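Welcome, and thank you for taking a look at this model.

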Amino acid sequence: MEFIIIPILASLIWAFLPIKSRWIAAGLGLISLVVLLTKYNQGSFPDGLVVFDQPWLGESVRFTLVIDQITWLMLFLTQFLLPIIVLSVKNNNNKLISWAFLMQAGLNGVFMAQDGLIFYLFWELAMIPIYFITLQFSEKDNFVTTIRFFIYTFVGSLAMLASLIYLASLSGGSFAYADLLNTQLSHSQSLIIGGGLLLAFAVKIPIFPFHLWQADTYTNAPAQGSMLLSGIMLKMGLYGLIRWYMPLAAESIDFYQPIIMALAVIGIIYGGIIAIRQDDMKRITAYSSLSHVGLIAAGFFTLNSSGFNGGLLQMLVHGFNVVGMFLIIDVIQQNAKTRNLSELGGIAAKFKVFTVLFFVIVIGTAAAPLTSGFPGEFMLLNSVFKYNSVHGILSGLTIILCAVYMLRIFQKAALGSAEIEMSEISFIDYLPIIIIGFTVLFIGLFPQVILEIFPMSLEKLMLEISNAKGVLS
Amino acid sequence: MIGIALVFLGGVLTLFLGINKSESKSLWMTRLFMLASAILAGAESQGWIDFSTFFQWVPPQMLTFSPFKLSIVSILSFFGFYILSLLPSSDKKGADVLGLTAFALTGAMMMVGSQHLVMLFLGLEVLSIPLFVLAGSEKDNIYGNEAAMKYFLMGAFSTAIFLLGAAFTYGGSGTLILAEIQMKLSFSAHFGEFPVLLKAGVILMSVGLLFKVSAVPFHFWSPDVYEGSPNRVATFMAVIVKVAGFVAFSQLIQTFSPMQSWLNQWIIPLSILTILAGNIVALAQQTVKRTLAYSSISHAGYLLLFLIVPMEENMNVLGTYLLSYGLGTIILFYLMDKYSANGEKSFEMFKTIKNNKIDLAALVISTLSIAGVPSTIGFIAKYQLFSAAFSQSSMAVYFALLGSAISVAYYFKPFRYAFAEAQDSESAVNKDGQFFNQVCLISGMIFILVLGLIPTITERFF
């Protein structure tokens with residue numbers, strides 16, 4: 001429960017008190033990270049530790065929050081990135097910090113919820129702050145962009161709500177995860193329920209034809225909004241896929257698997273190709289994100305252990321890397337007043353340390369060996385190849401495409417001779433990038449540290465899926 | 001019963017004591033009686049006090065207040081108090097306006113408690129006739145006159161149709177007492193055939209009530225009437241009439257529950273039609289008030305779903321829904337009234353809301369609640385309604401969810417001006433009783449959030 005209450009308190013503090021220091025915000029954000037690291041030791045609760053359990057609505061809904069190893073990983077991602085994100089907020093923007101903390105509460109709730117309706121509640125609670133962040137702090141009038149983003153996701157969530165209500169009506173009214181899991185579905189029921197859940201998650205991830213909200217929202221949102229969206233919020237969809245869709249509607253996996261695999265592979269290549277042609281660095285990152293999470297979704301849908309392991313690792317790594325990219329873009333934009341590659345150049349000549357960090361994050365995103373992107377991507381591609389070699393080869397193109405657009409960013413922005421005016425970069429702007437750069441190298445060298453966080457819970461989850469489904473390759 | 005007595009007494013006292021004085025001077029008295037009624041009826045509904053010994057002379061086959069009905073009376077009085085507190089008074093009008101408002105509220109409570117068709121009709125009339133007058137209470141406003149005329153003609157027709165239905169029902173069953181009608185119907189249900197007169201009767205009575213609650217296709221009067229009436233009266237029509245109307249309606253349909261499956265055949269399409277038409281037409285509206293009018297039409301569609309679910313188990317759901325709908329609507333009407341004072345009628349009025357933090361928070365919270373976004377009471381209400389209706393008609397629930405998705409597009413329109421295109425301006429809107437207004441507004445927000453996060457409270461109350 002502390003992961004809900006601390007962020008909400010922090011949010012209220014920043015909404016009402018006129019504090020001017022970003023350090024205090026980051027400090028407040030660190031509290032929940034410290035609580036997570038000290039109180040909940042990673043790896044010690046494979047079956048899930050019930051941290052809160054109270055009746056909430058009638059007899060059917062209980063307010064149940066559970067932490068298991070996979071949840072721990074997601075909580076770690078959220079608590080780790082939040083201080084970094086609020087540390088990068090410029091201009092004493094207290095409202096943005098306040099919204100970000102509120103969103104943290106929602107995200108933590110999504111990852112911990114062990115009851116269908118509570119999951120839905122937090123799912124929407126995480127949506128509201130990001131809607132207001134994009135609406136309030138974007139660069140130009142983008143009501144249309146934000147309302148499109150909201151309606152896309154709201155339609156998805158309502159489909160999920162319909163599915164959950166349907167599923168609960170079959171389980172005798174209870175929304176508890178265990179009851180939903182034990183409900184026997186016929187094939188057609190499973191298709192309907194699974195379709196609703198998949199729609200919600202596919203919009204959020206986003207998987208190829210449901211991504212239309214993504215690029216505009218990322219581009220127009222303030223940098224911190226993009227970080228929250230791509231760094232943490234996307235993971236809600238991926239997490240929902242493995243925790244809620246696959247075990248609960250396992251009977252429908254056989255039907256949806258080829259569809260999602262095909263769409264994910266299309267998304268991987270489509271995102272990569274479009275990213276190459278963009279000029280705006282934020283748009284490139286948005287499409288690269290589409291391509292990367294497509295690969296994670298594909299990995300999960302192969303249903304083999306290498307796919308799940310790689311997918312979970314890559315969820316964490318992608319969160320770090322994409323936040324790092326947006327941090328870099330934010331610093332460049334704040335100083336050079338542009339983020340278009342055609343107008344940038346020559347950063348390397350002026351800022352040595354910054355360029356090194358920039359390069360580390362770029363190669364991390366491009367999944368060069370010994371950086372954090374490599375192990376996860378390798379495992380994912382391996383699993384997709386096992387599923388179907390054609391899919392494997394096609395999604396393998398992502399390595400080439402990603403190297404092309406990432407190195408293009410670096411080449412155009414950092415190298416070259418264009419004369420752009422850039423002021424000094426302060427330490428407070430450096431610090432978040434240094435932390436991210438460190439994780440890129442650390443996870444690249446020791447991926448096993450992350451992979452050892454979740455093996456038992458993952459095994460249990462895969463067992464649940466295979467029990468529900470019958471077979472698992 | 002205590003509610004009726006207190007509010008009626010308040011109305012009479014306001015009329016006599018406030019004669020020749022301006023409205024704002026007697027406002028506190030009406031408010032006081034309504035608040036007392038809300039508290040006492042609420043306490044009685046929880047069984048903390050018992051007034052039934054004072055009202056033994058009331059024949060129980062005419063008016064009976066079960067605990068659920070008492071809690072509805074309590075929220076009706078609370079809404080009356082809330083409307084009178086938030087929406088401002090003008091010094092131009094006299095205390096008669098307040099007296100009429102109190103009488104209309106009395107009628108609403110009579111509808112809620114009625115166990116007899118004549119009582120239901122009486123309640124309907126006592127509710128409607130003061131509203132005909134109130135709709136035109138701004139005498140020099142030509143639109144107000146139009147609204148009053150329209151409302152009167154439509155209301156008179158619909159009441160006549162209701163009466164015809166009641167007469168048919170009497171012809172078919174030989175009684176006007178709801179419990180006896182139900183008994184007759186369950187006899188007929190054994191033979192598998194219902195008298196044609198009863199079928200015609202229930203249809204005609206429903207048409208009369210559908211007019212009152214402005215369900216499609218009987219909704220055409222409502223946007224025009226809302227637009228022409230003074231804001232306070234429009235709020236009253238959108239909230240009180242709908243709350244009382246739906247409680248009476250569900251009671252009536254419950255009476256006819258032996259023919260429920262036959263009734264569902266036309267309630268479900270009507271509900272879907274109302275949800276879709278209300279939400280889609282609301283998208284095209286230019287003024288805030290008309291958008292709110294169509295929003296209230298779409299909510300009538302959701303509320304119609306209550307008529308297809310078995311009532312005994314779902315009374316607290318109906319209560320929660322009505323509470324959430326009333327709170328959200330009143331706050332939105334209040335903001336619309338406050339920011340349209342300078343004559344701006346479109347959504348651009350919210351450009352200046354940024355300066356007032358409390359109003360901004362109220363706008364966000366009430367909009368989220370009425371759109372059914374979680375962590376507000378609106379979500380609890382919608383979720384409970386949908387899951388109750390799901391077992392009866394999953395199709396209707398899918399359409400209702402679709403309607404909710406559409407509704408976001410117009411509910412969120414004010415945010416565009418409140419956040420993205422906000423303007424800094426001098427705080428032009430300053431009214432008397434600012435402090436009291438803010439207290440009311442903040443308590444309304446607290447209600448919405450607390451009841452949304454701890455739904456057990458409403459479950460126990462209703």
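How many residues of domain 1 of chain B are in contact with how many residues of domain 2 of chain B? In this predicted model, 31 residues of domain 1 of chain B touch 40 residues of domain 2 of chain B.

## The two domains of chain B

On the domain 1 side of the contact, helix 3 and helix 4 of chain B each supply at least two residues. Helix 4 of chain B gives the largest share of that side, with 13 residues. By type, the domain 1 side divides into 21 nonpolar, 9 polar and 1 charged residues.

## Chain A and chain B in outline

Now step back to the whole chains. Chain A has 20 helices and 2 strands, while chain B has 19 helices and 0 strands. For chain B, the radius of gyration is 21 Å, close to the 23 Å that the globule rule gives for 462 residues, so chain B is as compact as a globular protein of that length. For the 473 residues of chain A, a compact globule would have a radius of gyration near 23 Å, and the value of 21 Å found for chain A agrees with this.

| Chain | Span of the C-alpha trace |
|---|---|
| chain A | about 65 × 55 × 45 Å |
| chain B | about 70 × 50 × 45 Å |

In chain A, 60% of the 473 residues count as buried; in chain B, 57% of the 462 residues do. What about contacts that reach along the sequence? Taking contacts in chain A with a separation of 6 or more, 80% are between residues 24 or more positions apart. In chain B, 81% of the contacts between residues at least 6 apart in sequence join residues at least 24 apart.

## Where the chains meet

Next, look at the place where the chains touch. Here 26 residues of chain A are in contact with 25 residues of chain B. On the chain A side, strand 1 (49-57), helix 5 and helix 6 (143-170) each supply at least two residues. Helix 6 of chain A gives the most to this side, with 13 residues. The chain A side is made up of 21 nonpolar, 3 polar and 2 charged residues.

In soluble globular proteins, nonpolar side chains tend to be buried together. The largest nonpolar core in this model has 349 residues, and those with the most contacts inside it are Ala297(A), Leu76(B) and Ala244(B). Helix 5 of chain A, residues 116-137, brings the largest share of this core, 17 residues. From chain B, the core draws at least three residues from each of domain 1 and domain 2.

Which residues surround Ala297(A), leaving aside its neighbours within four places in sequence? Ala297(A) is in contact with Ile205(A), Ile207(A), Leu238(A), Leu241(A), Ile260(A) and Ala264(A).

Begin with Ala95(B), in the loop between helix 3 (67-86) and helix 4 (96-113) of chain B. Is Ala95(B) buried or exposed? Ala95(B) counts as buried because 26 C-beta neighbours lie inside 10 Å, where 20 or more are needed. Beyond its neighbours within four places in sequence, Ala95(B) has contacts that include Thr14(B), Leu15(B), Gly18(B) and Ser26(B). Ala95(B) and Leu27(B) are 68 residues apart in sequence, yet their C-alpha atoms are 7.8 Å apart in space.

Helix 2 of chain B covers residues 23-45; at 1.5 Å a residue, its 23 residues should span 33 Å, and the 32 Å between its end C-alpha atoms agrees. Just after helix 2 of chain B comes Gly47(B), with a positive phi of about 80°.

Finish at Leu198(B), which is found in helix 8 of chain B, residues 196-212. Leu198(B) is buried, because 23 other C-beta atoms lie within 10 Å. Leaving aside neighbours within four places in sequence, Leu198(B) is in contact with Thr169(B), Gly172(B), Ser173(B) and Leu185(B).

Terms used
Residues numbered from 1 in each chain as written. Chains lettered and ligands numbered in written order. Helix = DSSP H or I, 4+ residues; strand = E, 2+ residues; numbered from the N terminus. Rg over C-alpha atoms; globule rule 2.2 N^0.38 Å. Buried ≥ 20, exposed ≤ 12 C-beta atoms within 10 Å, placed from the backbone. Contact = placed C-beta atoms within 7 Å. Core = buried A, V, L, I, M, F, W, Y, C linked by C-beta atoms within 7 Å. Domains from an automatic or database assignment. Nonpolar A, V, L, I, M, F, W, Y, C, P; charged D, E, K, R; others polar. Expected span 1.5 Å × (residues − 1).
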